[in-house]
Amino acid sequence: MADDLFRALADPTRRTILDELTEKSGQTLFEICARLSMKHQLGISRQAVSQHLAVLEAAGLVETRREGRYKFHDLNTAPLRQITERWLVPDASEPEESAP
Amino acid sequence: MKIHLTSVFVDDQAKALRFYTEILGFVKKHDVPVGEKDRWLTVVSPDEPGGTELLLEPAGHPAVKTYRDTLVEDGIPLAQFAVEDVNAEYERLRDLGVRFTQEPLEMGPVTTAVFDDTCGNLIQIATKPQ
């Protein structure tokens, strides 16, 4: 199980970054910083945001792509499936297969 | 004291003049030859012909490349212009083929968007709330 994933999710700022990327995937570092400061009143430096993004990227939750001169950050929620698969409990509401 | 002139470094002054006038809608104010090929080239808003001038400055100085490329890398706009309605301006410019790196976004009291001026810079447009 990827410890990176849990470490990435353990930080509230990183969860906020993921919230914002959920609202719109494909943001520049500038846009992410602006959202954190204007919408969440998080006055953290660009360097700090960049480091948070690096942690999220290491966990596979954020992917970066270059388009010409620009760099965009995209959300990738695929690693989160590992969590549900690890502790998945059968849904109690599902009809049980029973012999008549 | 007041701000009379500000500047953006542009790769190509002729191309910049076309973009800033034909696409963005500024009007040319001064165009004076300086040296072999450079021009003292300024534009102003048609709404304020006597207002702040924007100098389209040649980007030839060696310091400029690192400065601009590093800002673009992080998506940081180099200048900000005020518009009546960011969403309307976004649609108008997008339809003219302008490339946006940030679509209109409400950020607390302002709405902003960021586009590529095709001359080496990212430019932010902003609307204050009514």
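Where on chain B does UniProt place the feature "domain: VOC"? The unreviewed entry puts this feature at residues 2-128. Such annotations may be inferred rather than shown by experiment, and positions follow the numbering used here.

This is a predicted model, in which local features need pLDDT of at least 70, side-chain atom pairs count only at pLDDT 80 or more, and totals for chains, interfaces and linings use all residues. Residues are numbered from 1 along each chain as its sequence is written, chains are lettered from A in the order written, and side-chain values use heavy atoms, without hydrogens or water.

View 1. Residues 2-128 of chain B are 26% helix and 41% strand. Helices (H or I, at least four residues) and strands (E, at least two) are DSSP runs, numbered from the N terminus. The end C-alpha atoms are 21 Å apart.

**View 2. Helix H1 of chain B, residues 13-23.** Asp12(B) caps the N-terminal end of H1(B). One of its side-chain oxygens lies 2.9 Å from the backbone nitrogen of Ala14(B). Buried residues (under 20% relative accessible area, 1.4 Å probe, protein chains only) include Ala16(B), Phe19(B) and Ile23(B). An α-helix has 3.6 residues a turn, so residues three or four places apart point the same way. Just after H1(B), Gly25(B) takes a positive phi of about 100 degrees.

**View 3. The N-terminal cap of H1(B) and its buried residues.** Gln13(B), Leu17(B) and Tyr20(B) are also among the buried residues of this helix.

Definitions and conventions:
Buried means under 20% relative accessible area, exposed over 50%, partly exposed in between (1.4 Å probe, protein chains only). A polar contact is a pair of N or O atoms within 3.5 Å; within protein, one must be able to donate a hydrogen and the other to accept it, and residues adjacent in sequence count only if both atoms are side-chain atoms.
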